[in-house]
Structures are given as C-alpha cells and as structure tokens.
Amino acid sequence: MLDEGTNAFVYDPHNFIWNRSLLWSNEEDVMMAINAGDDFLFKLNAYSTKDHGMDFPHLLHTSNSTQIDIVFNNITNRFANPRFAIELLFVVSEQAVVGSEFEVTKRKTLDDEHTPGIFEIVDVLSPGAFTFSAGGYIEYRPVSYTHPERDVATSTETRQSQPIAVRSPSAVLQSTLAYALYGTKLDSYLVQGMNVSFGVSEDGFYRKTNYTTMTFQVGYGMPPVEELSAFVLIVAGIGIGVPLVVLIASSIYVCTKKLRNRDRFQQQRL
C-alpha cells in the first residue's frame with residue numbers, strides 16, 4: 001500500500017499468509033518461527049535462565065523476557081534506494097493518564113564483548129518500569145545486520161523515533177492481538193507507537209544485499225544489567241597490572257641506584 005503523502009510503501013501484515021512452526025523446545029528455551037514465505041520471518045525465543053542469546057547481537061535475556069528476531073529477506077519494492085522501517089506498538093495494562101508515556105533511555109556499556117563495536121543499549125520503558133520496576137520494557141542494541149552471517153562487517157545502524165500516543169486504540173487496533181486480549185479496555189490503557197528504521201546512507205541501502213534484521217526483547221520489570229565477564233576482568237587486570245608492575249619495578253630500580261650512587265659518593269669523600 002503506497003502512502004502518497006510520505007512516499008512510503010506500507011506492508012500490511014493482514015495481506016500475507018503466515019505460517020507458524022515450532023523450531024525447538026527444551027528445558028532451557030523454546031523457539032517458534034512465524035513467516036510469510038521467504039520474505040518476512042519472525043522468530044520468538046523464550047528462556048528459563050539468564051544468559052546471552054545465541055546469535056548477534058547476543059542480548060542478555062532472563063526468564064522474564066522474550067526475544068524477537070525479525071528478518072526482511074529479498075522483499076520486492078519499487079524504489080531505487082529503498083530503506084525499511086518497522087512500527088512498534090506498545091500496550092501495557094497501565095492507566096493512561098496525563099503525562100504518562102514510554103521513556104526511551106540509552107545505556108552505555110563498558111565493553112563490546114558480546115556485540116563488537118556496539119557500546120550502547122536502547123531501553124523503551126513503560127512508566128511502571130522506571131518508577132517502581134513493575135512495568136514493561138523493550139530492549140535492543142542499535143544495530144542491524146545485512147547478511148545471514150552476522151558480524152561486524154555486515155552490521156549497520158538503526159534509528160528510532162520518540163514514542164507517541166495512539167488515539168482511540170480500541171478502534172485502530174481492532175484487528176490485532178492486543179484487541180483480542182484487552183478489547184475496549186485499550187482506550188483506558190497506555191498505548192503508544194514508535195518507528196525504528198534500519199541502515200545509514202553509507203551502507204548501500206536495502207538493495208545492496210536485500211537483507212535486513214532487527215533483534216529486540218520484550219519483558220516485564222526492569223531490563224537485565226550487563227556485567228563484566230571473568231574474561232574481560234582478566235584481560236583488564238593484565239592490561240592494567242603489567243604496566244603497573246613495570247612502573248613500580250622501574251621506580252624501585254631508580255631509587256635503589258640513586259641510593260647506591262649517593263653512598264658511593266659519600267665514601268669517596270671520606
């Protein structure tokens with residue numbers, strides 16, 4: 001569907017035939033795939049333990065979160081230099097009052113062990129999450145990959161807008177899962193939307209590889225906090241400790257040599 005006002009082509013998910021399949025299930029995690037042919041793929045991964053995801057960007061998950069991986073693969077479009085974006089709708093069972101809105105925060109990490117080159121994490125928090133840690137959140141790293149083999153060479157950046165309120169959500173979302181769950185209660189709940197676009201001008205646009213991904217997590221409470229691993233602490237300890245030992249040893253050597261020279265000079269005077 002072409003939006004003449006914005007020169008954007010909108011892909012309505014209701015116009016596609018979707019298939020659902022269970023990829024695997026065990027005591028630690030469950031993964032399900034939802035796809036429309038080979039064009040659109042959604043993978044949902046739920047976990048029972050705290051750990052990092054299997055694939056880049058290796059998000060830190062807990063039993064309170066579900067990871068969603070989206071792939072846009074060889075999608076036909078009519079533009080010379082296309083770029084894709086996705087609209088995310090946030091629905092939480094918190095009362096919509098004046099001044100209540102989702103908050104976008106960006107956290108800096110000390111290392112990029114799990115996602116090389118990316119030192120930032122974006123959190124979209126409901127009011128309940130950042131006031132009494134009992135709301136919901138979406139978390140992701142601002143990186144997208146342009147090839148199934150995900151690494152630094154195939155990574156590009158993402159951009160996001162600020163969340164805005166959805167007016168008359170029960171009418172707008174009448175054909176969605178949110179309406180099936182909440183019905184007309186949506187009009188009293190906090191419902192907001194945000195756009196996330198993929199890529200920057202230097203990456204050759206979507207047509208260069210015809211492949212784009214996004215990985216994010218949905219959970220309740222507060223997002224898990226990244227901690228420095230033992231490997232990073234050991235490397236940091238070696239990087240700081242070795243120069244410090246050399247500096248101390250050099251200082252001791254210089255002081256000892258000066259003391260010896262002073263004693264020798266005093267003996268010569270006597």
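In the predicted model, strands β10 (residues 103-108) and β11 are joined by 6 bridges and run antiparallel. Within this pairing, arginine 107 has isoleucine 121 of β11 as its bridge partner. β11 also pairs with strand β12 (residues 136-140). This second pairing is likewise antiparallel and extends over 4 bridges.

Glu120, Val122 and Val124 point one way from β11. Ile121, Asp123 and Leu125 point the other way. Both sets are buried, and buried here means under 20% relative accessible area.

Empty space within the fold was examined next. Rolling a probe the size of a water molecule over the atoms shows where such space is left. The count comes to 1 cavity of 30 Å³ or more. The largest cavity holds about 40 Å³ of space. Its lining includes Arg107 and Ile121, the bridge partners named above. Leu59, Leu60, Glu139, Arg141, Pro224 and Glu226 also line this cavity.

The second largest pocket contains about 310 Å³ of space. Of its 21 lining residues, Asp29, Asn45, Tyr47, Gly53 and Met54 are the closest to its centre. Four strands, β4 (29-36), β5 (40-47), β6 and β8 (65-73), each supply at least two residues of the lining. β5 provides the largest share, 3 residues.

With a relative accessible area of 63%, methionine 54 is exposed, because the cut-off for exposure is over 50%. Together with Leu23 and Trp24, Met54 makes a nonpolar surface patch of about 310 Å².

The loop between β6 and β7 also contains proline 57. The peptide bond from phenylalanine 56 to proline 57 is cis, with omega near 10°. Histidine 58 lies in the loop between β6 and β7 as well. Its phi is positive, at about 55°, although histidine 58 is not a glycine. At a relative accessible area of 17%, histidine 58 is buried.

Asparagine 210 is placed in the loop between β16 (189-198) and β17 (211-220). Its relative accessibility is 25%, and asparagine 210 counts as partly exposed.

A contact across the chain involves serine 133. This residue is found in the loop between α1 (127-132) and β12. Serine 133 and methionine 222 are 89 residues apart along the chain, yet their C-alpha atoms are separated by 5.5 Å. Serine 133 is partly exposed, with a relative accessible area of 45%.

Key: Residues numbered from 1 in each chain as written. Predicted model: local features only at pLDDT ≥ 70, side-chain atom pairs only at ≥ 80, totals over all residues. Heavy atoms only, no water. Buried < 20%, exposed > 50% of the residue type's maximum accessible area, 1.4 Å probe, protein only. Pairing = 2+ DSSP bridges. Patch = residues over 30% accessible without salt bridge, like charges linked within 9 Å, V, L, I, M, F, W, Y side chains within 5 Å. Areas by Shrake-Rupley, 256 points an atom, 1.4 Å probe, with all protein chains shown as cover. Salt bridge = Lys/Arg side-chain N within 4 Å of Asp/Glu carboxyl O. 1 Å grid on protein atoms, 1.4 Å probe; cavity = no way out; pocket = protein on both sides within 12 Å on 5 of 7 lines; lining within 4 Å. Points joined across faces, edges and corners; volume = space filled by probe spheres on them.
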